[in-house]
Amino acid sequence: MADWDEITNVAEFGDVAGPEDTSRDRAYLIVLAGSHVGEMFKVGEAPMVIGRSAGAQVRLQDDGISRQHCRVYMRDGAVFIEDNDSRNGTYCNGVRITRHQLHDGDKIQVGRRTILKFTYNDRIDETFQRNMYDSALRDGLTNAYNKRYFVDRVANEFKFARRHATPLSLILIDLDHFKAINDEHGHVSGDNVLAEVARRIAGTIRSDDVFARFGGEEFAVICRAVPPADAALLAERMRAALIERPVTYKDTDFAITASFGVSGLPDHPFEEAEQLLTAADDALYQAKNRGRDQVVVYDGAV
């Protein structure tokens with residue numbers, strides 16, 4: 001287990017770019033607006049599909065985006081974007097396009113509200129952009145998304161799931177008896193435990209899932225296109241990953257368990273994202289009442 005210095009996000013001197021790193025030869029798409037704001041996608045030699053299908057290299061779930069909306073590709077050193085006969089069209093700098101050569105600073109709109117910026121970065125730009133993205137959207141201790149980002153994503157994913165009649169599940173996770181670790185061993189030990197717990201949970205989920213730190217010792221996962229029954233199986237894998245072995249810090253072993261609450265569509269006719277959150281919280285509360293270290297799926301009567 002890493003000590004305190006190892007889990008803090010401090011740039012090493014080796015991360016500072018030298019003169020050889022300042023050529024602006026890294027092509028990127030950066031999301032400026034939409035539910036994925038701040039995310040960066042590097043443009044390489046292989047074509048990239050932008051859309052909401054599982055096979056898209058740039059997967060965006062916002063309204064109005066087709067499954068394979070458009071594609072970005074390189075040819076003779078230039079970068080092009082081409083619409084894939086999308087339902088709502090692809091726009092560059094406000095103009096609907098069929099095929100367009102991209103230039104530094106071009107704005108691309110797909111769907112109703114997703115806007116991407118095409119840009120060339122050098123290594124300094126790239127590092128700065130990623131650091132800005134991480135500091136704005138991620139929890140510094142666990143590297144999970146922060147609560148603000150998570151709540152926004154829940155709202156957007158819920159609207160999308162309702163509109164397209166696709167499954168959506170939410171898992172809330174609360175560590176059992178975590179306060180005792182802070183009280184008996186100090187907050188540095190507690191922070192190291194939290195960092196390791198987050199690492200184990202993150203190792204069980206898909207790249208499409210959204211993992212966040214929801215509170216002090218509480219985490220949450222949005223599972224796209226996953227019904228609650230399957231989300232409960234995922235929660236069981238998380239639970240097993242925590243109890244498999246203790247978390248060790250400074251020669252002390254901490255046996256960690258957690259309680260899990262699951263809710264989702266289409267099992268219940270939730271009309272608002274807040275209801276989805278409340279249902280998962282109710283299920284989590286029931287897991288605590290039943291003795292902790294277990295998964296409870298919201299059944300409408302919890």
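## About the model

Because the model is predicted, local features need pLDDT of at least 70 and side-chain atom pairs count only at pLDDT 80 or more, while totals for chains, interfaces and linings use all residues. Residues are numbered from 1 along each chain as its sequence is written, and side-chain values use heavy atoms, with hydrogens and water left out.

## Backbone features in loops

Most residues other than glycine have a negative phi, and most peptide bonds are trans.

Start with the peptide bond from L265 to P266, which is cis, with omega near 10°. P266 sits in the loop that links strand 17 (258–265) to helix 7 (273–289). Helices (H or I, at least four residues) and strands (E, at least two) are DSSP runs, numbered from the N terminus.

Next come two residues that are not glycine but have a positive phi: D76, at about 55°, and N143, at about 65°. You will find D76 in the loop between strand 5 (70–75) and strand 6 (78–83), and N143 in the loop between helix 2 (123–137) and helix 3 (147–164). D76 has 81% relative accessibility and so counts as exposed, whereas N143, at 45%, counts as partly exposed. The cut-offs are under 20% relative accessible area for buried, over 50% for exposed, and in between for partly exposed (1.4 Å probe, protein chains only).

## The second largest pocket

The second largest pocket holds about 400 Å³ of space. Of its 21 lining residues, R138, Y145, S207, D208 and D209 are the closest to the centre. Helix 3 and strand 13 (210–213) are the elements that give two or more residues to this lining. By type, the lining has eight nonpolar, five polar and eight charged residues.

A pocket here is an open set of points on a 1 Å grid over the protein atoms alone, where a 1.4 Å probe fits, with protein on both sides within 12 Å along at least five of seven lines; lining residues have an atom within 4 Å of a point. Grid points are joined across faces, edges and corners, and the volume is the space filled by probe spheres set on them. Asp, Glu, Lys and Arg count as charged; Ala, Val, Leu, Ile, Met, Phe, Trp, Tyr, Cys and Pro as nonpolar; and the others, Gly among them, as polar.

## Cysteines

Zero disulfides (pairs of cysteine sulfur atoms within 2.5 Å) turn up in a search of the whole structure. For C70, the nearest cysteine sulfur belongs to C92 and is 8.1 Å away. C70 counts as buried because its relative accessibility is 0%, and C223 is also buried, at 1%.
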